[in-house]
Amino acid sequence: MSWHVDFTRFATVHMVKKQDQVNSCGIACVLMINFKIKKGLMAQGTSAGSRVAASGLPGGGLVGAGLAKMAVSWAMKSEPEIYRIYSQVVGTVYDGTTYSDGMRHPAVLERIGLGRWECVNVGQNNVPAALRRAVNRGQPCIAHVAWRAGGAHFVVVDDVVQPGQSTFVLVNDPGDGCVVVTKVTGDGALSYRNNAGVFSGWIIRRA
């Protein structure tokens with residue numbers, strides 16, 4: 001699994017999953033959502049495992065190690081695991097070599113224990129406000145980018161910061177495993193990567 005820790009100039013820290021296959025960006029985004037929501041409970045589980053291992057109880061080391069391992073595996077799944085779940089949802093075998101369907105992502109997120117999600121089109125001009133509302137609820141979301149040269153891409157937005165009079169969307173990009181700090185300019189469509197793409201209006205958010 002290719003995970004990267006990235007830091008921004010706003011003193012934020014992000015775990016970003018780099019996609020394993022050329023077209024598995026949507027699956028990598030599902031993995032990031034899973035980790036970002038479950039990481040708090042994962043930390044509690046590994047901490048509890050360490051305490052049990054150090055308790056001095058007979059078998060405490062084995063029990064503690066098992067508890068910690070379960071906590072990590074619960075929060076950090078692999079792309080092949082999500083390929084299998086996505087394949088069950090769509091009814092055909094998926095291997096990351098083709099685009100995934102964002103309309104099916106909510107069902108995948110639900111199957112890995114993340115509650116109810118929805119895929120909606122908020123309109124290009126409403127993307128910044130919709131992303132801000134989503135992350136203000138304490139939940140990351142998946143957004144769809146349309147490349148101006150053709151094709152598309154899924155990314156995860158986990159924060160929107162507003163230093164002074166400016167607004168920046170923090171985009172976790174599975175293409176290169178980096179956080180792309182994206183400035184919101186005006187009330188129009190949100191451009192991405194020096195205008196190479198535009199956020200289409202489709203987002204996958206907690207329902």
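The model is predicted, so local features need pLDDT of at least 70 and side-chain atom pairs count only at pLDDT 80 or more, while totals for chains, interfaces and linings use all residues. Residues are numbered from 1 along each chain as its sequence is written, and side-chain values use heavy atoms, with hydrogens and water left out.

A pair of aromatic rings is described by the distance of the centres and the angle of the planes. Rings of Phe, Tyr and Trp (its six-membered ring) pair if their centres lie within 6.5 Å; planes under 30 degrees apart count as stacked, over 60 as edge-to-face and the rest as tilted. The structure holds 6 aromatic pairs. One of them joins tryptophan 3 and phenylalanine 35, a tilted pair with 5.4 Å between centres and 50 degrees between the planes. This pair links distant parts of the chain, since tryptophan 3 is in strand S1 (residues 3-7) and phenylalanine 35 is in helix H1 (residues 25-53), 32 residues apart. Helices (H or I, at least four residues) and strands (E, at least two) are DSSP runs, numbered from the N terminus. Both tryptophan 3 and phenylalanine 35 are buried. Buried means under 20% relative accessible area, exposed over 50%, and partly exposed in between (1.4 Å probe, protein chains only).

Tyrosine 86 and tyrosine 94 form an edge-to-face pair, 4.9 Å centre to centre with 65 degrees between the planes. Together with Tyr83, Tyr86 and Tyr94 form one aromatic cluster.

Tyrosine 83 also meets glutamate 79: their side chains make a polar contact of 2.4 Å. A polar contact is a pair of N or O atoms within 3.5 Å; within protein, one must be able to donate a hydrogen and the other to accept it, and residues adjacent in sequence count only if both atoms are side-chain atoms. Another polar contact, of 3.0 Å, joins the side chains of glutamate 79 and serine 24. Glutamate 79 is found in helix H3 (residues 79-90). Glutamate 79 counts as buried because its relative accessible area is 0%.

The last stop is the loop between strand S8 (191-192) and strand S9 (197-206), where arginine 193 lies. Arginine 193 has a positive phi of about 50 degrees although it is not a glycine. Asparagine 195 lies in the loop between S8 and S9 too, and its phi is positive, near 70 degrees. Arginine 193 is partly exposed because its relative accessible area is 31%; for asparagine 195, also partly exposed, the value is 41%.
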